[in-house]
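Student: Could you walk me through this fold? I have the sequence and the coordinates open.

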Amino acid sequence: MSTGDATKRRTAVDIRGRKGGEPIVSLTAYSAVMARLVEPHVDFLLVGDSLAMVEYGMDSTLAATPDMMIRHGAAVVSATSLPLVVIDLPFGSYEASPEQAFATASAVIAGTGAGAVKLEGGQAMAPTIRFLGQRGIPVMAHVGLTPQAVNALGGFRSQGHDEAAREAILKDAEAVAKAGAFAVVVEGVVEPLAEAITAQIAVPTIGIGASASCDGQILVLEDMLGLTPRVPKFVHTFGALAGAVDEAVGAYASAVKERRFPGPENVYKPRG
């Protein structure tokens with residue numbers, strides 16, 4: 001955990017105040033076990049709709065539901081006491097109107113105890129961000145490569161390769177920041193654009209496939225631990241846990257087949 005009172009849970013206000021300061025550290029988390037392990041090292045945890053892919057084996061984030069987000073979000077909140085917990089609003093649960101977004105966001109906050117929600121989209125979502133903020137719900141925005149728009153984007157492709165695209169994404173970031181987002185995730189964009197957004201807007205940028213110049217960084221936990229078979233170009237694997245899991249499970253299987261497990265220390269003896 002970084003700067004500030006190390007005994008209190010971080011809030012959206014705390015994260016917003018980190019603009020231009022010590023880089024903000026974040027990871028995704030979908031379970032109590034993993035959240036508890038990473039808590040000492042992060043400023044906020046994102047219960048991302050990426051859980052549809054990581055936890056449920058789906059091809060995209062589009063099948064995540066509010067019930068999924070609430071179930072996993074409640075587990076992460078209950079297991080932690082220090083980082084801000086942010087919950088993604090899933091596809092189809094907020095885009096129709098600010099009122100729909102408020103209904104979903106309020107259910108997510110009430111059902112999890114999380115401190116903020118995240119939604120994707122730029123200028124078109126600015127009125128919704130303002131609407132939620134005016135009703136007491138902190139919002140983290142998300143621009144650039146927005147996974148919920150994967151079909152419209154033609155796949156998971158980096159963004160901002162021409163001047164028109166860069167200008168549009170910069171305007172998106174400016175719009176959501178002015179609407180009251182306390183931070184903006186900038187995903188999958190060319191590095192100069194990420195640098196320009198970070199310099200231009202007044203709230204922290206959280207990079208993922210963007211630039212080290214962003215005010216913070218986020219990765220999918222399972223990707224950076226080496227637990228997923230394929231990862232995007234922008235992921236650095238900081239661990240090799242897939243091999244360790246395979247080795248441990250293989251050792252367990254051998255012990256069972258050879259009747260070495262359970263051993264004398266693993267069974268209960270009669271008391272009398």
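Predicted model: local features only at pLDDT ≥ 70, side-chain atom pairs only at ≥ 80, totals over all residues.

Student: Which helices and strands do the buried residues of H8 pack against?

Tutor: Residues are numbered from 1 along each chain as its sequence is written, and side-chain values use heavy atoms, without hydrogens and water. Helices (H or I, at least four residues) and strands (E, at least two) are DSSP runs, numbered from the N terminus. Packing here means contact, with heavy atoms within 4.5 Å, and the partners of the buried residues of H8 are helix H6 (126-134), strand E5 (139-144), strand E6 (183-187) and helix H9 (191-200).

Student: Is Glu167 buried, partly exposed or exposed?

Tutor: Glu167 is found in helix H8. Buried means under 20% relative accessible area, exposed over 50%, and partly exposed in between (1.4 Å probe, protein chains only). Because its relative accessible area is 40%, Glu167 is partly exposed.

Student: Which residues of H8 are buried?

Tutor: Helix H8 covers residues 163-178. Its buried residues are Ile169, Asp172, Ala173, Glu174, Ala175, Val176 and Ala177.

Student: How far apart are the C-alpha atoms of Glu167 and Leu193?

Tutor: Along the chain, Glu167 and Leu193 are 26 residues apart.

Notes. Expected span 1.5 Å × (residues − 1).
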